[in-house]
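Here is a short report for a reader new to this structure. Look over the sequence and the model, then read on.

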Amino acid sequence: MYSTKKAPKKFSADWLRLELSKLAKEMNRHHGEAVKAQKVAVIHALDTGHLLVKAKQYLKRLRRKVKTREGSDEEVPSWMGWVKDNFQGSHRTANDYMALSRNEDTLKPDLHNPKVSIRQLVHMVRGLGQG
């Protein structure tokens with residue numbers, strides 16, 4: 001966190017140069033951390049999307065297996081119900097992450113761009129008409 005120490009009453013040119021150098025170093029360190037965090041966030045969103053796609057496929061398989069078993073009164077939750085009970089994000093976020101995972105190949109050039117956010121990637125997918 002940025003230090004708010006008091007500046008001397010009389011600013012010498014040398015002191016100002018030194019302080020500006022310190023500020024530049026610190027702000028660039030924070031900027032680097034922000035860029036790194038955004039890149040990691042995109043990777044996590046994509047991984048979450050892959051897991052959600054797999055969960056949806058497994059839920060469909062489970063529904064078919066339970067349905068074919070005679071006399072079974074086991075209830076299999078709907079996809080929305082399962083997401084609500086098992087995913088800490090919203091249903092919309094789940095759909096967005098799944099759309100990212102399904103369009104990973106198309107998005108690949110942008111996935112590694114540290115200036116592109118999850119929201120921007122989701123908008124790109126929706127623009128493809130595949131969101």
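Is Leu121 buried or exposed, and what is its relative accessible area? Leu121 is buried, because its relative accessible area of 1% falls under the 20% cut-off. The model is a predicted one.

## The chain as a whole

The protein chain has five helices and zero strands. Read from the N terminus, its elements follow the order α-α-α-α-α. The chain holds 131 residues, and 21% of them count as buried.

The accessible surface of the chain is about 10,200 Å². Carbon and sulfur atoms account for 55% of that surface. Consider next the contacts between residues at least 6 apart in sequence: 52% of them join residues at least 24 apart.

## The nonpolar core

The largest nonpolar core has 22 residues. Four of them touch the most other members: Leu52, Trp79, Leu100 and Leu121. At least two core residues come from each of α1 (13-68), α2 (79-86), α3, α4 (104-111) and α5 (118-127). Helix α1 gives the largest share, with seven residues.

## Helix α5 and Leu121

Leu121 lies in helix α5. Which residues of α5 are buried? They are Leu121, Val122 and Val125. These three sit on the same side of α5, because they cover an arc of only 100° around the axis. Arg119 and Gly127, on the other side of α5, are exposed. The cover over the buried residues of α5 includes α1, α3 and α4.

Leaving aside residues up to four places away in sequence, Leu121 touches Val42, Leu100, Leu107, Asp110, Leu111 and Val116. Take Leu107 from that list. Leu121 and Leu107 are 14 residues apart in sequence, and their C-alpha atoms are 7.5 Å apart in space.

## Trp79 and Trp82

How many aromatic pairs does a search of the whole structure find? It finds three. One of them joins Trp79 and Trp82. This pair is stacked, with 5.7 Å from centre to centre and 10° between the planes. Both residues belong to helix α2. They are three residues apart there, so about one helical turn separates them.

Trp79 has a relative accessible area of 11%, so Trp79 is buried. Trp82 counts as partly exposed, because its relative accessibility is 25%. Trp79 touches Leu52, Ala55, Lys56, Leu59, Arg63, His91, Asn95 and Met98, again not counting residues up to four places away in sequence.

## Ser101 in helix α3

Where is Ser101? Its place is in helix α3, which spans residues 91-102. Ser101 is buried, because its relative accessible area is 8%, under the 20% cut-off.

The side chain of Ser101 reaches the backbone oxygen of Gly49 at a distance of 3.5 Å. Gly49 is also among the residues that Ser101 touches.

How values were computed
Residues are numbered from 1 along each chain as its sequence is written. This is a predicted model: local features need pLDDT of at least 70, side-chain atom pairs count only at pLDDT 80 or more; totals for chains, interfaces and linings use all residues. Side-chain values use heavy atoms; hydrogens and water are left out. Helices (H or I, at least four residues) and strands (E, at least two) are DSSP runs, numbered from the N terminus. Buried means under 20% relative accessible area, exposed over 50%, partly exposed in between (1.4 Å probe, protein chains only). A polar contact is a pair of N or O atoms within 3.5 Å; within protein, one must be able to donate a hydrogen and the other to accept it, and residues adjacent in sequence count only if both atoms are side-chain atoms. Contact means heavy atoms within 4.5 Å. A nonpolar core is a set of buried Ala, Val, Leu, Ile, Met, Phe, Trp, Tyr and Cys residues joined through side-chain atoms within 4.5 Å. The arc is that of the directions from the helix axis to the C-beta atoms. Accessible areas come from the Shrake-Rupley method with a 1.4 Å probe; for residues, only the protein chains shown count as cover. Rings of Phe, Tyr and Trp (its six-membered ring) pair if their centres lie within 6.5 Å; planes under 30 degrees apart count as stacked, over 60 as edge-to-face and the rest as tilted.
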